[in-house]
Amino acid sequence: MLELVAIFKNTVRTTDIVTRWGGDEFAIIFSGASLREAYAVMEQIRYKVEAKFNSSYGLAISAGVILLEPDQAVKDLLLTVDQTLYKAKVQKNLVVAQVDIPC
């Protein structure tokens with residue numbers, strides 16, 4: 001677990017908030033980041049976890065990245081992030097954004 005925490009700590013910015021959401025789920029709040037920036041950081045985390053843990057433990061990261069809309073109700077936020085995360089979990093070891101991010 002400490003190695004996983006180190007990956008989070010060494011990849012996110014000091015202004016970001018990482019918290020355990022429950023069980024094997026985490027939430028990261030990327031304060032002031034664009035969807036593209038948050039997606040890129042989550043992809044870095046996914047890659048680092050895969051490189052460190054996949055061959056020995058089969059551990060991988062599936063992540064849903066959404067953008068908080070102004071005045072968005074918490075219920076709607078949780079529904080949106082849950083739907084996005086579910087899309088990533090179906091394929092496993094994948095980062096999925098709420099909307100397509102142009103390259």
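Biologist: Which element supplies the largest share of the lining of the largest pocket?
Modeller: In this predicted model, that share comes from H3, with six residues.

Biologist: Which elements each supply at least two residues of that lining?
Modeller: They are helix H1 (2-11), strand E1 (17-22), strand E2 (25-29), helix H2 (35-57), strand E3 (63-65) and helix H3 (74-91).

Biologist: And how many residues line the largest pocket, and which lie nearest its centre?
Modeller: The lining has 40 residues, and Phe26, Ala27, Ile28, Gly64 and Val81 lie nearest the centre. The volume of this pocket is about 1,200 Å³.

Biologist: How do the lining residues divide into nonpolar, polar and charged?
Modeller: There are 26 nonpolar, eight polar and six charged residues in the lining.

Biologist: Turning to the helices, at what angle do H1 and H2 pack?
Modeller: The angle is about 150°, and their axes are 10 Å apart. Because angles over 145 degrees count as roughly antiparallel, H1 and H2 are roughly antiparallel to each other.

Biologist: Is their crossing left-handed or right-handed?
Modeller: H1 and H2 cross in a right-handed manner.

Biologist: Which residues make the contact?
Modeller: From H1 they include Leu4, Ile7 and Phe8, and from H2 they include Val41, Ile45 and Phe53. The residues of this contact comprise seven nonpolar, three polar and three charged.

How values were computed: Residues are numbered from 1 along each chain as its sequence is written. This is a predicted model: local features need pLDDT of at least 70, side-chain atom pairs count only at pLDDT 80 or more; totals for chains, interfaces and linings use all residues. Side-chain values use heavy atoms; hydrogens and water are left out. On a 1 Å grid over the protein atoms alone, a cavity is a set of points where a 1.4 Å probe fits but cannot get out, and a pocket is an open set with protein on both sides within 12 Å along at least five of seven lines; lining residues have an atom within 4 Å of a point. Grid points are joined across faces, edges and corners, and a volume is the space filled by probe spheres set on the points. Helices (H or I, at least four residues) and strands (E, at least two) are DSSP runs, numbered from the N terminus. Ala, Val, Leu, Ile, Met, Phe, Trp, Tyr, Cys and Pro count as nonpolar, Asp, Glu, Lys and Arg as charged, and the others, Gly among them, as polar. Axes are lines fitted to C-alpha atoms, for helices over the stretch in contact, and angles run from 0 to 180 degrees between N-to-C directions. Angles under 35 degrees count as roughly parallel, over 145 as roughly antiparallel, 65 to 115 as roughly perpendicular and the rest as oblique. A crossing is left-handed if the near helix is turned anticlockwise from the far one by less than a right angle, and right-handed if clockwise. Contact means heavy atoms within 4.5 Å.
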